Amino acid sequence: MKSEFITQTINTIAHSIQSGVFIDVEKSKVELKDLSTKGDWKSLHETICAFLNTDGGIVICGIRERDKKYSFTGFDRNNENNLINLHSKHFQNDQDKFVDLSNYIFFDYENFLNGEIAIIAVYPLPDDEKFLRYNDFYYQRKLTQDKIIPVSLIQRQKEYKIEIEYAKELAKVKEAKIDDLSLDKINNYISLLSKEIRNETFKASHDQAKSFLIKQYFVQKDWITTLGMLVCGEEPFHFLGSRVEVNCYYDTSVDIGKDKKMFRNDVINLMEDTFRYIWGHIKINRTIREGGKSEPEYPEKLIRETINNALAHRDYTIDSFVTVTVEPNQYIEIKNPGSFKEKIKIIHTETDIAVRRLVPGIPESKNPKLASVLKVFDKIESQGRGMASLVNAALDNEIDLPTYEIKEDSISLKIHSGKLVDESIETWLQGFNYYLTTKLKGELTFEHKAVLAYFYKSELVNQQRLFSILLTESNNHFTVLQDLKKGKLIVEHASSTEENPVYVLDRILLKIDFTEEFITALGNDYIHYDKVAKHILNLIYLYSKYNQKSLKAAEITPEVYRRLYGKEIVGKTYETLGRKVRSICNNLEEQKILIKGSKNDYTFNFDFTIENKLF
């Protein structure tokens, strides 16, 4: 029964007891229970219920941890029936029925020091079977604690189960027979199940495999389900067509068909083939430090997770393929057949601030049985984490802001390369530095910068009818959001609800174009200034007013260049622009519009009016 994880955990506890050095093993998926009192057994049932309703876990029975010290009490086999009763005596569904959990709860004994412990391994329920309750309460796992699930989340899950009651993943595949499933793939799945805990013997024939396939929902009565064909089909494309096809493109904007690949396979191999294609077409830099360590353009784990989620949760009722496009140095786009439910979308365009956000963490899979199978293959994690992973990668500055384009029958996700806190954001924040630090009553941390950048870029893409992922206190930037709220640098939008607060930036921070102020001060002549002069004035005005800082021509040139030409530096163009910036700054200083400091630095002359213009 023991997995490597269970073995490692037990060995760590034994070493800790023998050495007297405490090593904490209790994590979100590990719990220790003494089970010497009735209260301990009640606590065990709550933990099992929480594991079933969340991500699963293991309980080690016969060891207690108190005050950073382990005590080995051992497990009394006279209590064996109490373990067996976990299968069917304690946990009820919404219909008040006790559920048979023999496929989700496993136990065994293990020798430990001079005695014995019991191990309980709990697998998470499929999304269409959650939530179960114990003693009238539904529990979920939150870090190392078992917490009662809020009523709103229970109701949402019930609505979700109603929606998928007639799950299309279990639909009949026309003309497919049990012989059209691959015995090798069936036995591979069995080997993965057996590696964990679920003991299942290999099948020598399809007849021998039938009862197993029915139990796994691969076969219903005498016909093959979409799920069975997706996972174990011998030739899945023959039966499912474009549903098991991924078209990949390397788009150089010159010839999109230059390197096109078409993959047609079962869902497991599609995930691997698609990942290999993307990984072979993105940039892998080599660093000078750490002996030439590689730094890929996108995090490997994020790319795998995004591809796998796309294929796991796509709408298999639509006979259309998934499209993946790699745009060098720009983005990876994954276009998926299907749509999001309305409850996951926040759309509010009735005010000047357009909001288009997606709520992460809501059960959205149209294929809960497939999701459960893919967890065995270690292809996906829990529901709702895909969007959270994208947000965290952006806030960790591993990618730029991810965006979604939603159409009637397709969802396009773009994972943008680069950084969330890039040069443009650094310049923007630096321009407002005095204003920001005054409001915060302290210096800006990188976390402050990342969250401000997330909200800033979200507003920009929302204006373009693109969706960004909602960022709220529920993620690991809770403290940062509280800081920004307290300083009134973010405020709640009209679309906010108690469950899903929507934040937008202090409108001052969006003020980067000061055209109205310039026309008031300089007159209509300002309208005819060229782009370079306007960019220079906007930049100096911003730094003068909101950072109380002057700028040299050499500091102005890089930002003006970026605004005009982008990130790629062309030497001759940059030098020409630098000369023009110096000339314009001198001209504006002669007109008294700018004030020149002793270090050849410039600030805006807020006392200037059109009446005192020299020429």
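**Before you start**

This is a predicted model, in which local features need pLDDT of at least 70, side-chain atom pairs count only at pLDDT 80 or more, and totals for chains, interfaces and linings use all residues. Residues are numbered from 1 along each chain as its sequence is written, and side-chain values use heavy atoms, with hydrogens and water left out.

**The whole protein**

Show the C-alpha trace: along its principal axes it spans about 100 × 60 × 55 Å. Colour by secondary structure and you have 20 helices and 28 strands, taken as DSSP runs numbered from the N terminus (helices are H or I, at least four residues; strands are E, at least two). Of the 615 residues, 51% are buried; buried means under 20% relative accessible area, exposed over 50%, and partly exposed in between, with a 1.4 Å probe and protein chains only.

**The largest nonpolar core**

Next, select V267, Y404 and L537, which touch the most other members of the 131-residue largest nonpolar core. Such a core is a set of buried Ala, Val, Leu, Ile, Met, Phe, Trp, Tyr and Cys residues joined through side-chain atoms within 4.5 Å. Helix α18 (residues 531-546) gives the most to this core, with 10 residues. Now centre on L537: leaving aside residues up to four places away in sequence, its contacts (heavy atoms within 4.5 Å) include F518, Y526, I593 and F604. Another core, of 28 residues, lies apart from the largest one, and W41, L44, I120 and L125 are among its members.

**A hairpin and a cis bond**

I120 takes you to strand β7. Select β6 (residues 105-112) with β7 (residues 115-122): they pair in the antiparallel sense over eight bridges, where pairing asks for at least two DSSP bridges between two strands. F107 stands opposite I120. Two residues separate the strands of this hairpin, and L113 takes a positive phi near 50° there. Move on to the loop between β7 and β8 (133-134), where F131 lies; the peptide bond from K130 to F131 is cis, with omega near 0°.

**A cavity to look into**

The whole structure holds two cavities of 30 Å³ or more. A cavity is a set of points on a 1 Å grid over the protein atoms alone where a 1.4 Å probe fits but cannot get out, and lining residues have an atom within 4 Å of a point. Grid points are joined across faces, edges and corners, and a volume is the space filled by probe spheres set on the points. Helix α10 provides the largest share, three residues.

**An open sheet and its helix**

Now pick the three strands of the open, mixed sheet, in the order β19-β20-β23. Its edge strands are β19 (345-348) and β23 (468-469), each pairing on one side only. β19 and β20 (residues 355-358) are antiparallel over four bridges, and I347 stands opposite R356. Helix α15 (residues 446-463) lies across β20 and β23, at about 115° to β20; axes are lines fitted to C-alpha atoms, for helices over the stretch in contact, and angles run from 0 to 180 degrees between N-to-C directions.

**Last stop: two loops**

K441, in the loop between α14 (433-440) and α15, has a positive phi of about 60° although it is not a glycine. K441 is exposed, at 76% relative accessible area. Finally, return to R465: its phi is also positive, about 65°, and it is not a glycine. R465 counts as exposed, at 62% relative accessibility.

Technical notes:
On a 1 Å grid over the protein atoms alone, a cavity is a set of points where a 1.4 Å probe fits but cannot get out, and a pocket is an open set with protein on both sides within 12 Å along at least five of seven lines; lining residues have an atom within 4 Å of a point.
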